[in-house]
Amino acid sequence: MTDSDPVTLGDIMIITISRTIIMYLFLTIGIRIMGKRQIGDMQPNELVVTLLISEIAAIPLQDSGQPVLNGVVAILLLVALEIFLSVLAMKNIKCRRLFSGQSVMLIRNGTLDQSAMKRVRMTVLDLIELLRGQNVFDISTVAFAVLEVNGDLSVMLKPENQNVTVKDMKLSKDKEGLQLPVISDGKIIMESLDALQITRDEVIKILSSKHTEYENVFLMTMDRYKNLNIIERRAD
Amino acid sequence: MKRFYTACVIVLILTVLCITATLVVNSKMDKFEKRIDYIEELDDTNPEESYKTAQKCEEDFHKEESVLALFVNHEKLDELKKRLAKIRAYSKQKDFSYLLSECAETEMIIEDITEDQKFLFHTVF
């Protein structure tokens, strides 16, 4: 395009599309570098960084007069700062308290700590709502309740209100491990075989004892004690 | 710790990028400013030389516009482009009073672009 060429709507669209793709790639890379966290599980500083990044990313997309590099530099710097802060918080407990805050015990030994509730500016109704979210409908059944830094409430019930466990009942239970997908849609997943420490031939042998082949298996899961589930592919 | 090293690499890249941006913008703007100064000095003594310098200045800008657009606000670059075109036009018409006032305004835009790259109190806040 020469300098005398007028800028058409098509050019503007292409510019917007290119800028959106560039910003999308950088945002995805940035979020991947920061690591996996759901919005609800974010620490305060992580939430701030996420909000800022989304705002900064929008500026070059809305205003084509802004160099894309300005947005990219700001996003990458925020990602780097977030990582530095998380490393610092990992190494130093004071920094962690400063940037992420501290969990607060709201119910201690079955007693509501009213001063702690005032400190976190939470009403009893808020607390009851959070307890309901944890399937606790009677506050008198709670031994300990801790408000975590991400806003979640962790609850420990009084011993008489806790669920009965296999250990409590002194029962024996079959050994059970983590079920991993070994075959998905007729394809053997080698990573799962490595984790379960079995070979491909062993899997084929197991399947032949069940009168089937791995190509015909839609899903096969197995744990390290060789407990397995097989769902065969439907003929259609 | 892998992420920490990635963050260090990012900061390093950003530092290099920022230094490059400052150096590139400053050097190119310096070049334009010197040419504009020269046109101002020439005034009405050598109209031909004044026109040639203005023309050269505009040509150089067109060559370097794409690099500058990486670091400088595009609206400011468009404004500078417009001013350089006016300088060329006034020097061709030998309209020296307009030429001098256009040169002064162009210098202000150049200074503004250069200042944006500097770490100063008013650019930070």
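## A walk through chains A and B

In chain A, residues 24 or more positions apart make up 50% of the contacts with a separation of 6 or more (a contact means two C-beta atoms, placed from the backbone, within 7 Å). Keep in mind that this is a predicted model: local features need pLDDT of at least 70, side-chain atom pairs count only at pLDDT 80 or more, and totals for chains, interfaces and linings use all residues. To find your way, residues are numbered from 1 along each chain as its sequence is written, while chains are lettered from A and ligands numbered from 1 in the order in which they are written.

**Stop 1: chain A as a whole.** Select chain A and colour by secondary structure: you get 8 helices and 8 strands. Those are DSSP runs, numbered from the N terminus: helices are H or I with at least four residues, strands E with at least two. Of the 236 residues here, 15% are buried (20 or more other C-beta atoms within 10 Å of a residue's own; exposed is 12 or fewer, partly exposed in between).

**Stop 2: a helix pair.** Now pick residues 44–62 (H2) and 68–91 (H3) of chain A, which pack at an angle of about 170° with axes 8 Å apart. Axes are lines fitted to C-alpha atoms over the stretch in contact, and angles run from 0 to 180 degrees between N-to-C directions. So H2(A) is roughly antiparallel to H3(A), the word for angles over 145 degrees. Show side chains at the contact, including A:Leu52 and A:Ile56 from H2(A) and A:Ala74 and A:Leu78 from H3(A). By class, the contact has 12 nonpolar, 3 polar and 2 charged residues. Ala, Val, Leu, Ile, Met, Phe, Trp, Tyr, Cys and Pro count as nonpolar, Asp, Glu, Lys and Arg as charged, and the others, Gly among them, as polar.

**Stop 3: a sheet.** Still in chain A, look for the open, antiparallel sheet of 4 strands in the order E6-E5-E7-E8 (pairing takes at least two DSSP bridges). Zoom in on E5 (180–184), joined to E6(A) by 2 bridges, and you'll find A:Ile183 opposite A:Ile188.

**Stop 4: over to chain B.** Chain B has 5 helices and 0 strands. Among its 125 residues, 26% are buried.

**Last stop: where the chains meet.** Select the contact: 16 residues from chain B and 15 from chain A. On chain B's side, H1 (2–42), H2 (47–71) and H3 (74–93) each give two or more residues, with H1(B) giving the most, 8 residues.

Methods: Parallel < 35°, antiparallel > 145°, perpendicular 65-115°, else oblique.
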